[in-house]
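Good morning, and thank you for coming. Please look at the structure on the screen while I describe a few of its features.

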Amino acid sequence: TVYRKNSQVPCLSSEPDVYVLAPYLDFLNHSPRVQVKAAFNEKNCCYEIIAGSHCRKHEQVFICYGPHDNQKLLLEYGFVASRNPHSSVFISTDVLLHHVSPKDKHLPKKLSLLKEHNFLENLMFGLDGPSWKLLTALKLLCLGSREFMCWKKVLLGETVSDTNEQKSLTLARNICCHLIEETHDALRKVSHLKSERVDLEQHLALLETLRREELQILQASTEIIMQNLRSEACIPLCS
């Protein structure tokens, strides 16, 4: 193992500035559900990986490359992890704009406030439903004319009105259903390509895995949103 610890520079990050070259470390496979502690032991001059859970004899030992979703794992490492708890479906600004009324005279200001306070990035649906950041952005977008002056309360996580809560959940549900339809269309296209392009079978199989995972996340989020909108029984559930 090669380990180099550089002197600390006051004006830069407070994190230790170190470089490590550890042969055989790449042989350890990734699992998103394990906890390990990896560090260089300066006493014995060895790079150590300590598992956070018990490992049986002859059982494969995994490490975690980081809390990455499957798209990140595929791009950086060339594989995807089954039942990845870090997977999510990210929502772009274009998707938000597609589902809000362009007639809202406060829309430009709402988008400006969301951008200014960093509420237009890392918006996502997960297996546990829409993220707090996404819901907060939707609540601000759903503010009526008489409620608009309460935008600071929304960003602080406060409830403005029951109407605003229901509108934001309904908007989240509509976005989810739209993305579910798009994902179904994408899966049909992938299935068609697999029958035509045998040379791309392996690549298309990975793409299909990612799309099916997205579908699972969106369906789970929709169910959670619908539970919160149980009083709105007239709203149909997506297929």
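I begin with a pair of helices. In this predicted model, the axes of helix 4, residues 132-141, and helix 6, residues 162-196, approach within 8 Å of each other and cross at roughly 115 degrees. The hand of this crossing is right-handed.

Which residues make the contact? Helix 4 contributes Leu135, Leu138 and Lys139. From helix 6 come Asn164, Glu165, Ser168, Leu169, Leu171, Ala172 and Ile175. Sorted by class, the residues of this contact are six nonpolar, two polar and two charged.

How many cavities of 30 Å³ or more does the count give? The count gives one. The largest cavity has a volume of about 50 Å³. Its lining consists of Asp69, Asn70, Gln71, Ser87, Ser88, Leu210, Glu213, Glu214 and Ile217. Two elements each give two or more residues to that lining, namely helix 1, residues 70-77, and helix 7, residues 201-228. The largest share, four residues, belongs to helix 7.

At its start, a side-chain oxygen of Asp69 reaches to within 3.3 Å of the backbone nitrogen of Gln71. Asp69 and Gln71 were also named among the residues lining the largest cavity. After helix 1 comes Gly78, and the phi of Gly78 is positive, near 85 degrees.

That concludes my presentation, and I welcome your questions.

Key:
Residues numbered from 1 in each chain as written. Predicted model: local features only at pLDDT ≥ 70, side-chain atom pairs only at ≥ 80, totals over all residues. Heavy atoms only, no water. Axes fitted to C-alpha atoms, helices over the stretch in contact; angles between N-to-C directions. Left-handed = near helix turned anticlockwise from the far one by under 90°. Contact = heavy atoms within 4.5 Å. Nonpolar A, V, L, I, M, F, W, Y, C, P; charged D, E, K, R; others polar. 1 Å grid on protein atoms, 1.4 Å probe; cavity = no way out; pocket = protein on both sides within 12 Å on 5 of 7 lines; lining within 4 Å. Points joined across faces, edges and corners; volume = space filled by probe spheres on them. Polar contact = N/O pair within 3.5 Å; in protein donor to acceptor, adjacent residues only side chain to side chain.
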